[in-house]
Amino acid sequence: MKTLSYAAQSATDELAPYELQRREPRPNDVVIDILYCGVCHSDLHQARDDWGFSTFPMVPGHEIIGRVVSVGPVVTRFNVGDQVGVGCMVDSCQHCASCARDLEQYCEEGCTFTYNGFDRVDQSATQGGYSQKIVVSDKFVLNIPDGLDLKGAAPLLCAGITTWSPLRHWKVGPQSKVAVIGLGGLGHMALKLANALGADATLFTRSPGKEADARSLGASNVVLSTNEAQMDAVKGKYDLIIDTVPNNHDLNPYIPTLAVDGTIVMVGYLGELEPPIHTIPVILGRRSVAGSAIGGIAETQEMLDFCGEHGITSDIEMVNIQDINTAWERMANSDVKYRFVIDMASLDTVAVNEPGCVGRP
Ligand SMILES: NC(=O)c1ccc[n+]([C@@H]2O[C@H](COP(=O)([O-])OP(=O)(O)OC[C@H]3O[C@@H](n4cnc5c(N)ncnc54)[C@H](OP(=O)(O)O)[C@@H]3O)[C@@H](O)[C@H]2O)c1
Ligand SMILES: [Zn+2]
Ligand SMILES: [Zn+2]
């Protein structure tokens, strides 16, 4: 089935229209008309091949909201017309120890990413949500609770679950003191979710202008990470720090702000840290430096249901697909409050014979 999309043709190309061939639906597949897709910093990292495993052409997008237009004969959980979501994964082996624990993101055979991955059945390249339609096996499709604004719900599928999973794993609740590093897509969801779980939340930021927003998103304290006196004032304080910074940065100033037994969990930067971590404050405080990737499918549904009950969505700026390259540039400069979401109806106005529309007749 043909579907119009936006793709990067190489690590140096801008996104441009691209006609994509989706697979013919299998018996357990759900076909979804995409309404909205959030714009994650990982889209930019992968399109620029920052992590070294990108394949092209690449249609990014893993914060997908849409409506079911057809279901295969063995699908029982979804009906035509349902509002559904798809996040960062579309398949996993379903039989390893991680999959058995609902941790498909840590599948021992490697989970199948929504894009920049390979289909487990026919080995074709998977392609993401900057597109009109997607075909996904029913186990990896999420229910979107009634009453949630669908545009604002899109970023829950990655930014929401990536911050929810460590909050739940480290058992954050009303007694917890949590800090978040970086107020972007992930960071603003971390503040909202930590606050809704009853925790006391602090933001570490490089940007003095974000203080008022951070407080309205649920932070009781805002610490300018470039100010030594402010950093000293919060030594020994936090049970959990979620670090969302997308680039290499110095972790050492943050570690002493952890309480004894506290954990700093890296979700943002993938790569070697420079400067390296000094172990003295880790050892003298039994502190942990950890990492976390998205969340399993059951945990993602748990997060969506929690957001439904608490009326939590992302703070978004809507963009048309034609403006995606500018949106990416703004995101790279931390100039978005706090997540771009693409209105996929704008793809309908991309002309059939627009220059650069690869693969169109
Ligand atoms: N682990 C996972 O499963 C997972 C899932 C999704 C995304 N990610 C990754 O998480 C990272 C954040 O994604 P996002 O979409 O939230 O990005 P984003 O919207 O661009 O937000 C990142 C924030 O980090 C801060 N920041 C940026 N550059 C910095 C630097 N050089 N030093 C210190 N702080 C900096 C900025 O906040 P301030 O202005 O407040 O300092 C910025 O707003 C990306 O690398 C993405 O690939 C990981
Ligand atoms: Zn993401
Ligand atoms: Zn597995």
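Guide: A donor is here an N, O or S atom within 2.8 Å of the metal, and water is not among the atoms, so a site may look incomplete. The model is a predicted one. With that criterion, the zinc ion (ligand 2) is coordinated by Cys 40 through SG, His 62 through NE2 and Cys 158 through SG, at 2.0 to 2.2 Å. Along the chain these donor residues follow the spacing C-x21-H-x95-C. Cys 40 sits in the loop between β3 (29-39) and α1 (41-47), while His 62 sits in the loop between α1 and β4 (64-71), so the pair ties together parts that are 22 residues apart in sequence. Cys 40 is buried, with a relative accessible area of 2%. His 62 is likewise buried, with a relative accessible area of 6%.

For four tetrahedral donors the ideal angle at a metal is 109.5 degrees.

Glu 63 forms a salt bridge with Arg 339, the closest N and O atoms being 2.8 Å apart. Glu 63 lies in the loop between α1 and β4, and Arg 339 in strand β17 (residues 339-343), so this pair ties together parts that are 276 residues apart in sequence. Both Glu 63 and Arg 339 are buried.

Other salt bridges may be set beside this one; a search of the whole structure finds 15. In one of them, Arg 26 pairs with Asp 122, with 3.3 Å between the closest N and O atoms. Arg 26 belongs to the loop between β2 and β3 and Asp 122 to the loop between β7 (112-113) and β8, so the pair ties together parts that are 96 residues apart in sequence. Asp 122 counts as partly exposed, at 39% relative accessibility. A further salt bridge joins the side chains of Asp 315 and Lys 192 (2.6 Å, N to O). Asp 315 lies in the loop between α9 (297-310) and β16 (316-320) and Lys 192 in helix α5 (residues 185-196), so the parts tied together are 123 residues apart in sequence. Asp 315 is partly exposed, with a relative accessible area of 31%, whereas Lys 192 is buried at 16%. Salt bridges that share partners also join Arg 23, Arg 26, Asp 29, Asp 119 and Asp 122 into one network.

The largest share, four residues, comes from β8. By class, the lining of the second largest pocket divides into ten nonpolar, nine polar and ten charged residues.

Key:
Residues numbered from 1 in each chain as written. Chains lettered and ligands numbered in written order. Predicted model: local features only at pLDDT ≥ 70, side-chain atom pairs only at ≥ 80, totals over all residues. Heavy atoms only, no water. Donors = N, O, S within 2.8 Å, 3.2 Å for Na, K, Ca; no water. Helix = DSSP H or I, 4+ residues; strand = E, 2+ residues; numbered from the N terminus. Buried < 20%, exposed > 50% of the residue type's maximum accessible area, 1.4 Å probe, protein only. Nonpolar A, V, L, I, M, F, W, Y, C, P; charged D, E, K, R; others polar. Salt bridge = Lys/Arg side-chain N within 4 Å of Asp/Glu carboxyl O.
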